[in-house]
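Here is a friendly note to read alongside the model. Please keep the structure open as you go through the points.

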Amino acid sequence: MQPLIDYARSFRQQTAARPEAFARLAEGQAPQALFITCSDSRVIPSLITGARPGELFELRTAGNIVPPYDPEQPTGEAATIEYAVEILGVRDVVVCGHSHCGAVGALVRGDDLTAVPAVRDWLTHAAPRADGTKADGDPAIADAAQSHVLAQILRLRSYPYLARRLDAGQLRLHAWFYEIHTGTVLAHRPPADTFVAHPARPVRAAPP
Ligand code: ZN
């Protein structure tokens, strides 16, 4: 932990090198997308996308699970999604699953989670795919985690204010899958119902 503390203490020195850039952030935020992914420490949205401060609004949950829409029982996750869409007006929402996901692994294996009841109860929110596809096999198998991502996309479509924007062509949903062992980002292509690598295009330099 100490290296992290030391870095945080010295971070101010980095902002001093670009005072205008940081001062502009105080004026407000207009993120390009809502990025929903797992809490896993190996998945870093800004690293994957090259996003700079102010460009990604993030929701991180165990297993990148989107809870069911329930206006009677608001959750922190629902509040984050609602704020991103209704207030910040994001027009793109990414759900990014990943390989070697502990949560998906627990679901696939049917692990006994008695010792972690909050995790156990949270994972009950994992929604099955509408086509009835069941995830099985080894948790490292990409199919299980990728099906899980698509289930969260379907869950988002059940949020009324998201459905309205989708129907009006004002919102786009993106299903991504990140291979933590290769650094490859795959995107779901609906026509083929498969995840494929993003085609290489010129990109801006990653933030320092
Ligand atoms: Zn995970």
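**Notes on the model**

1. Let us begin with two residues: cysteine 38 and histidine 98 are both buried, where buried means under 20% relative accessible area, exposed over 50% and partly exposed in between (1.4 Å probe, protein chains only). Please bear in mind that this is a predicted model, in which local features need pLDDT of at least 70 and side-chain atom pairs count only at pLDDT 80 or more, while totals for chains, interfaces and linings use all residues. Residues are numbered from 1 along each chain as its sequence is written, and side-chain values use heavy atoms, with hydrogens and water left out.

2. Both residues belong to the metal site. The zinc ion is coordinated by Cys38 (SG), His98 (NE2) and Cys101 (SG), at 2.0 to 2.2 Å. Donors here are N, O and S atoms within 2.8 Å of the metal (3.2 Å for Na, K and Ca), and sites may look incomplete because water is not among the atoms. Along the sequence, the spacing of the zinc donors reads C-x59-H-x2-C. Cysteine 38 sits in strand β1 (residues 33-38) and histidine 98 in strand β3 (residues 92-98), so the pair ties together parts that are 60 residues apart in sequence.

3. Now for the overall layout. The protein has eight helices and six strands, taken as DSSP runs numbered from the N terminus (helices H or I, at least four residues; strands E, at least two). Starting at the N terminus, the order is α-α-β-α-β-α-β-α-α-α-α-β-β-β. Of the 208 residues, 38% are buried. Among contacts (heavy atoms within 4.5 Å) with a separation of 6 or more, 65% join residues 24 or more positions apart.

4. Which residues have the most contacts inside the largest nonpolar core? They are Leu34, Ile36, Ile81, Leu156 and Leu162, in a core of 39 residues. Helix α7 (residues 142-157) gives the largest share of this core, six residues. A nonpolar core is a set of buried Ala, Val, Leu, Ile, Met, Phe, Trp, Tyr and Cys residues joined through side-chain atoms within 4.5 Å. A second, separate core has 11 residues, including Ala33, Phe35, Val43 and Val94.

5. Histidine 100 is not a glycine, yet its phi is positive, at about 55°. Histidine 100 lies in the loop between β3 and α5 (102-109) and is partly exposed, at 35% relative accessibility. Aspartate 193, also not a glycine, has a positive phi of about 50°. Aspartate 193 is placed in the loop between β5 (184-189) and β6 (194-197), and its relative accessible area of 42% makes it partly exposed.

6. Alanine 26 is in the loop between α2 and β1. Is alanine 26 buried or exposed? Alanine 26 is exposed, with a relative accessible area of 72%. From alanine 26 to glycine 54 there are 28 residues in sequence and 9.9 Å in space, C-alpha to C-alpha.
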